[in-house]
Structure formats: C-alpha cells, structure tokens
Amino acid sequence: MSGLLEGKVAIITGAGAGIGREHALLFAKEGAKVVVNDLGSDRNGGGKGGEAADKTVADIKAAGGDAVANYDNVATREGADGIVWTALNKYGKIDALVNNAGILRDKTVLNLSEQEWDLVVDVHLKGTFLVTQAVARVMKAQGKGGRIVNTTSMSGLVGNFGQGNYGAAKGGIYSFTRVCSMEFARMGVTVNAIAPVALTRMTSDLSMMKGFNNENLGPQYIAPVAAFLASDLSADITGQIVGVQGGKVFLYKMLESEGVTREGGPWSPAEIKEKWAEISKV
Ligand SMILES: NC(=O)c1ccc[n+]([C@@H]2O[C@H](COP(=O)([O-])OP(=O)(O)OC[C@H]3O[C@@H](n4cnc5c(N)ncnc54)[C@H](O)[C@@H]3O)[C@@H](O)[C@H]2O)c1
C-alpha cells in the first residue's frame, strides 16, 4: 500500500526535536522524501550542532525511509536558500514545506531587551517569510502547485502573558499565512497554519502542562495534521488556522462583531462609550 505522501519531497524546518521531528518521522513513513532542517539549538536559540538533524535522518533511514539533513539557519537569506538548495540538489523538486523551527526568550514586555525581541521575531516570523519565499519561487517555476504549512501559536492568536516577542511573531505568522494563501492561490499552492499544544522541551515547564504526559499530549498528535495539510487530501483547504491539542483538532477564526452604524457623520467618543455594549456584542 502506498503512503499518503508517496513521491513527494517535503522540507521540515526545526525537525531535529519536538514537533518537527514527529512531522519528519511521519512524513517519511507516509512515503515522502524529507529534508530535515535543524541547526541544533537549545530552546532559547543558544548552541548549535548537526546532531539533532542527523539523529532524525538516521531514525528515518533505519525505518526504511528517505531523508537528508540540513543545518541552516531559517532566519537568514543564505540559510533559506541553503535549505532549498539541499532539497533540489538531493531530490530535484519541492512539493511541501513545513515552517516549524522556533525558539523562546520569554520576558514581560517591560523587561524585554531589543536583542530578545529580534532573536525570536527573526527565527519565527522572518524565518517563515524567508523559507516560504524561497520555496514558493521554486513551486511557481515547477508549475505543479504545492503545500505550505506554517506554525503559529495560541500565544499569537489570543495572547499569553510574558511572550510579547513570541506572541507578536506568531501573530505575524497568522497574518502572513492569510496573505500567502491569497497570493499563492493562482499557483495552486495552499498555505495553512497549525497552532499546536504539545509537550516538548519548549513547554515541559509550563503550568498549563501539569497533568499531561507524552501519551496524551505528545507531539505525535500534531504530525498527522501537518501530513494532512501537506497532502493531496487538503487541495481545497487554504488560509486556515488549525488548532491541535492532543486528540482535539479545531479551527481558529477571527471574530468581527456586527457593530453599530451611526448615520449622518462620525461618532463622538462619548457616543462610543454609550454604545460600547452594543458595538462589542458578538
Ligand atoms: N510545543 C508547543 O506546545 C507549541 C505550542 C505552540 C507553538 N509551538 C511551535 O511549534 C514549533 C516547534 O516547537 P517545539 O515545541 O517542537 O520546540 P523544540 O524546541 O522542541 O524544537 C524546535 C526545533 O527548532 C530548531 N531551531 C531553532 N531555531 C532554528 C533556526 N533558526 N533554524 C533552524 N532550526 C531551528 C531547534 O534546534 C529545535 O530542534 C515552534 O515553532 C513552536 O513555536 C509549539
């Protein structure tokens, strides 16, 4: 029986650990040839090394799959080009991209340094832009459509205390996903995002993770959603933000209240105050 992703070439960034590693293992099991990108950082973006990507590739090969390692930094133009080059050099085409690489530098906004802002925004938001652009140019030239799956977060969609940099970057990824889904539609390239919650080294010390374990909230729950969004099964789905928390899969939607229209000119601030309950009613 052939796999869901048989014959496809998929790039997965940050595939040396956590959620990205599970994506890579499942994609390969489903028949994809996988570019396993990871620069091997710790959860705060410190340290580097090829071991993490190499381990994922070795595990894929041991299970009979096909994969190649890439150690580039998604946050640089050279890194993004290097990832694409690895895919084209080894497999000759690109069918799917999962932008997953990420780091944390949690601080309240009052305590956040400019460097901590830049680091996190660069890896998540700029990295997603750079790799997406490099891959989408290849997909356009190939003329056969494609799949792009981004990774946003509850933090970027509804907010989270202490994550001004991370939340802003993930909120940006939400908007970028929407824009790309519109711009790439004519190329047959779908662009969706996953908002995961999973027990990984990134989240293991969060109080919201208490009572959960790898069995009921492990990253293996996220990978099938990525595989679905990277496959032919999701050809008619684009611009969607799919939440995944253990066995629960759901959609995030932007809410717009019906609002109130004032006839005959602009509102006064006092009138807005007076009608606030009606304006904000959903
Ligand atoms: N775990 C969760 O509950 C959760 C929730 C919301 C969003 N996310 C997002 O899911 C993604 C994966 O998170 P995770 O929990 O698996 O984290 P993780 O720390 O286990 O894995 C992240 C991987 O990304 C790699 N990486 C970091 N910077 C990189 C760079 N510049 N270039 C290439 N690789 C880089 C790291 O080396 C690491 O292997 C992230 O984007 C994260 O923000 C996770």
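**Entry 1: ground rules.** I number residues from 1 along each chain as its sequence is written, and side-chain values use heavy atoms, with hydrogens and water left out. Because the model is predicted, local features need pLDDT of at least 70 and side-chain atom pairs count only at pLDDT 80 or more, while totals for chains, interfaces and linings use all residues.

**Entry 2: helix 4 and helix 6.** Two packed helices are described by the angle between their axes and the distance between the axes. I first looked up helix 4 (residues 114-142) and helix 6 (residues 164-183). Helices here are DSSP runs (H or I, at least four residues), strands are runs of E with at least two, and both are numbered from the N terminus. At what angle do the axes of helix 4 and helix 6 cross? They cross at roughly 15° and come within 8 Å. Helix 4 is therefore roughly parallel to helix 6. Axes are lines fitted to C-alpha atoms, for helices over the stretch in contact, and angles run from 0 to 180 degrees between N-to-C directions. Angles under 35 degrees count as roughly parallel, over 145 as roughly antiparallel, 65 to 115 as roughly perpendicular and the rest as oblique.

Contact means heavy atoms within 4.5 Å. This contact holds 11 nonpolar, 6 polar and 2 charged residues. For these classes, Ala, Val, Leu, Ile, Met, Phe, Trp, Tyr, Cys and Pro count as nonpolar, Asp, Glu, Lys and Arg as charged, and the others, Gly among them, as polar.

**Entry 3: helix 3 and helix 4.** The axes of helix 3 (residues 77-91) and helix 4 lie 8 Å apart, at an angle of about 40°. The two helices are therefore oblique to each other, and helix 3 passes helix 4 in a right-handed crossing. Among the meeting residues I found Ile83, Val84 and Leu88 in helix 3 and Phe129, Leu130 and Val138 in helix 4. By class, this contact has 10 nonpolar, 1 polar and 3 charged residues.

**Entry 4: helix 1 and helix 2.** The axes of helix 1 and helix 2 (residues 51-62) come within 10 Å and cross at roughly 25°. Helix 1 and helix 2 are therefore roughly parallel to each other. Arg21, Ala24, Leu25 and Ala28 of helix 1 make the contact with Lys55, Thr56, Asp59 and Ile60 of helix 2. I counted these residues by class as 4 nonpolar, 1 polar and 3 charged.

**Entry 5: pockets.** I then turned to open space. On a 1 Å grid over the protein atoms alone, a cavity is a set of points where a 1.4 Å probe fits but cannot get out, and a pocket is an open set with protein on both sides within 12 Å along at least five of seven lines; lining residues have an atom within 4 Å of a point. Grid points are joined across faces, edges and corners, and a volume is the space filled by probe spheres set on the points.

The largest pocket holds about 850 Å³. It is lined by 48 residues, and Gly102, Ile103, His124, Tyr166 and Met202 are the closest to its centre. Which element supplies the largest share of this lining? Helix 4 does, with 4 residues. The lining divides into 19 nonpolar, 21 polar and 8 charged residues.

The second largest pocket has about 260 Å³ of space. Helix 4 gives the largest share of its lining, 6 residues. By class, that lining has 7 nonpolar, 2 polar and 4 charged residues.

**Entry 6: the cavity.** How many cavities of 30 Å³ or more does a search of the whole structure find? The search finds 1. The volume of the largest cavity is about 40 Å³. Its lining includes Thr13, Asn99, His124 and Val131, and divides into 4 nonpolar, 6 polar and no charged residues.

Key: Left-handed = near helix turned anticlockwise from the far one by under 90°.
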